[in-house]
Amino acid sequence: MVRNYDPDRPVPAEVVDRLLDHATRAPSAGFSQGWGFLVLETPADREAFWRATTTPDATAPEAGEDGWLRGMRRAPLIVVVHSNRDEYLDRYAQPDKGWTDRDEARWPVPYWHVDAGFAALLMLLTVVDEGLGACFFGIPPEHTGSYRAAFGVPAELTPIGALTVGYPAPDRRSPSLRRGRRPVAAVAHRGQWGGPPPDQPPAG
Ligand SMILES: Cc1cc2nc3c(=O)[nH]c(=O)nc-3n(C[C@H](O)[C@H](O)[C@H](O)COP(=O)(O)O)c2cc1C
């Protein structure tokens, strides 16, 4: 993730188009494609986004000279990714799926959010391929209402997160990275959770 951008280099229009085209190639349950993207490129639109989604507290660490928000606000492009649960419930109520009760309990997890996340990841990968940088981040729940109001987001769409995109400028690494990457052996469980199964007693 990149959290500081060159404010004087806009994202070329063809790159914006490619990002969005690739987002629509994400996999989706039942090919529901229940996603929606708000693309903010003009200074006025971007400013409206930051005004609606952040608290104007100049003393907050994220707003200060070296703060997280300072670099993020320089991004020439913001794409907000939304999921639409209703599109999934409608799709799976169709005859080839047959879940006409539209019961959410049928879903192992909310695939509308999963698929929107896949779309966001495809945009992140495209950004890297194009030599740009991006950061995925969430809109805090206390700001979701003002975000929706500012941009006329329909009630059935949930903003699952946003991407800042632009040409990278010198950045500070996220302090979270000090946690280190969890090794594959700690997260991948071959054959059985926690290791191979104990030896079976000999038959007979
Ligand atoms: C769901 C999600 C939410 C995130 N929220 C934020 C955020 O609010 N602010 C931020 O700076 N980075 C955010 N990140 C980025 C993570 O901090 C970052 O992916 C992680 O530290 C690993 O760094 P890397 O992606 O550069 O390898 C978020 C990432 C994900 C997947």
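Close-up 1. The model is predicted: local features need pLDDT of at least 70, side-chain atom pairs count only at pLDDT 80 or more, and totals for chains, interfaces and linings use all residues. Residues are numbered from 1 along each chain as its sequence is written, and side-chain values use heavy atoms, with hydrogens and water left out. Thr54 sits in the loop between α2 and α3. Helices (H or I, at least four residues) and strands (E, at least two) are DSSP runs, numbered from the N terminus. Leaving aside neighbours within four places in sequence, Thr54 is in contact with Leu69, Arg73 and His143 (contact means heavy atoms within 4.5 Å). A polar atom of the Thr54 side chain lies 2.4 Å from the backbone oxygen of Trp50. That is a polar contact: a pair of N or O atoms within 3.5 Å; within protein, one must be able to donate a hydrogen and the other to accept it, and residues adjacent in sequence count only if both atoms are side-chain atoms.

**Close-up 2. Helix α2 and its packing.** Helix α2 covers residues 43-53. Its buried residues are Arg46, Ala48, Phe49, Trp50, Ala52 and Thr53. They pack against β1, α3 (68-72), β2, β3, α6 (141-151) and β4.

**Close-up 3. The two sides of helix α1.** Val15, Val16, Leu19 and Ala23 are buried in α1 (residues 13-23). They cover an arc of only 105° around the axis, which puts them on the same side of α1. The arc is that of the directions from the helix axis to the C-beta atoms. An α-helix has 3.6 residues a turn, so residues three or four places apart point the same way. Ala13 and Asp17 are exposed on the other side of α1. The buried residues pack against β1 (35-40), β2 (77-84), α5 (111-129) and β4 (157-166).

**Close-up 4. Helix α4 and its start.** Tyr88, Leu89, Arg91 and Tyr92 are buried in α4 (residues 85-92). Their arc around the axis is only 160°, which puts them on the same side of α4. Their cover includes β2 and α5. At the start of α4, a side-chain oxygen of Asn84 reaches to within 3.1 Å of the backbone nitrogen of Asp86.

**Close-up 5. Strand β3 and its partner β4.** Four of the five residues of β3 (residues 133-137) are buried, so this strand is largely enclosed by the rest of the structure. β3 and β4 pair in the antiparallel sense over five bridges (pairing needs at least two DSSP bridges). Gly133 has Gly166 of β4 as its bridge partner.

Close-up 6. A polar side-chain atom of Arg3 lies 2.6 Å from an oxygen atom of the ligand. A nitrogen atom of the ligand is 3.1 Å from a polar backbone atom of Phe136.

**Close-up 7. Positive phi at Phe31.** Phe31 is not a glycine, yet its phi is positive, about 55°. Phe31 lies in the loop between α1 and β1. At 57% relative accessibility, Phe31 counts as exposed.

Terms used: Buried means under 20% relative accessible area, exposed over 50%, partly exposed in between (1.4 Å probe, protein chains only).
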